[in-house]
Amino acid sequence: MGNLLKVLTCTDLEQEPNFFLDFENAQPTDAEREVWEKVDLVLKDARGILDELQAYKGAGQEIREAIQNPNDDALQKAAWAAVVPLVGKLKKFYQFSQRLEAALHSLLGALTSETYDNPTQNLEREQALAKQFAEILHFTLRFDELKMTNPAIQNDFSYYRRTLSRMRINNTPTEGENEVNNELANRISLFYADATPMLKTLSDGTTKFVSENKNLPIENTTDCLSTMASVCKVMLETPEYRSRFTSEETVSFCLRVMVGVIILYDYVHPVGAFSKSSKIDMKGCIKVLRDQPPNSVEGLLNALRYTTKHLNDDSTNKTIKSMLQQQ
């Protein structure tokens, strides 16, 4: 089956899905091409978004000087001139999140369809779409890692909104107001207020997909997510699979994807990823993370600790909580 070699297919946890999914080279079939091309347009811009976010320095100095010298018009103008183009970038990131959600819906529509008998077959026959789904998850967790370590983002946007409000009260011309109107500013503010805004977009988008497709059993979506998590775990813990990766970057890619699908599963599944009825081997997934160099996975462990929905439920296995709490 091309680059996706199925070894065995089962749905119970004791005999989890076990096959090699080639995240490096999967190419679309004719049946996948329409969805693949639509999603590819979004993914082509993802790298540039991450580069811009990584390079985002903020206008902290100009803002501090303006606040400390409220009567100095030159410093007020300098701060405003510095902030307006940055807000343009923040608006661009937010708008990209909406495109990403639309791409996710397209992929879920294909990967959860009842064309095949089970989610393993969907992933096997539509491997290029599975790879794109993985790339969206990888982008999402990387975006949120960068955002969480950059307080300038919220500081810049807060200053922009405060200054804009003051300019309106004083009837001051605001050349930059066209960047973000009030309604859009509210939505952008809510987006960045979340610790992991891109992950929240995907979680909400997946939940919305399930609610909008009432004729599609929820298990089609949750089983797709749990199968992807299991495949990533098995590839990472099985030497003969892991040795097929041509780059160490594929290991970190696979780890991010595994964590991303666990979080989505936890939001979409009625009782989440940590319950006894979960189809994800959480102990096994956490062990795989723990087996990596600590500094390379702390952000992913934190994502499981702080951005999942059901970890702190009474029904969560105490061993799983303990494994995640270990430093």
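Helices are taken here as DSSP runs of at least four residues, numbered from the N terminus. In this predicted model, Arg142 and Glu145 stand three residues apart in helix α5, so that about one helical turn separates them.

**Salt bridges**

The structure contains 15 salt bridges, and the table sets out three of them.

| Pair | N to O distance |
|---|---|
| Arg142 and Glu145 | 3.3 Å |
| Arg256 and Glu145 | 2.9 Å |
| Lys89 and Glu52 | 3.3 Å |

Besides its bridge to Arg142, Glu145 forms a salt bridge with Arg256. Because Arg256 belongs to helix α11 (residues 249-268) and Glu145 to helix α5, this pair ties together parts that lie 111 residues apart in sequence. Arg256 counts as buried, with a relative accessibility of 13%, whereas Arg142 is partly exposed, at a relative accessible area of 24%.

The bridge between Lys89 and Glu52 likewise links distant parts of the chain, with Lys89 in helix α3 (residues 73-111) and Glu52 in helix α1 (residues 33-54), 37 residues apart. Lys89 is partly exposed, with a relative accessible area of 30%, and Glu52 is also partly exposed, at 21%. Together with Lys92, these two residues are linked in a network of salt bridges.

**The second largest cavity**

By class, the lining comprises five nonpolar, four polar and two charged residues.

Note on methods:
Residues are numbered from 1 along each chain as its sequence is written. This is a predicted model: local features need pLDDT of at least 70, side-chain atom pairs count only at pLDDT 80 or more; totals for chains, interfaces and linings use all residues. Side-chain values use heavy atoms; hydrogens and water are left out. Ala, Val, Leu, Ile, Met, Phe, Trp, Tyr, Cys and Pro count as nonpolar, Asp, Glu, Lys and Arg as charged, and the others, Gly among them, as polar. A salt bridge is a side-chain nitrogen of Lys or Arg within 4 Å of a carboxyl oxygen of Asp or Glu. Helices (H or I, at least four residues) and strands (E, at least two) are DSSP runs, numbered from the N terminus. Buried means under 20% relative accessible area, exposed over 50%, partly exposed in between (1.4 Å probe, protein chains only).
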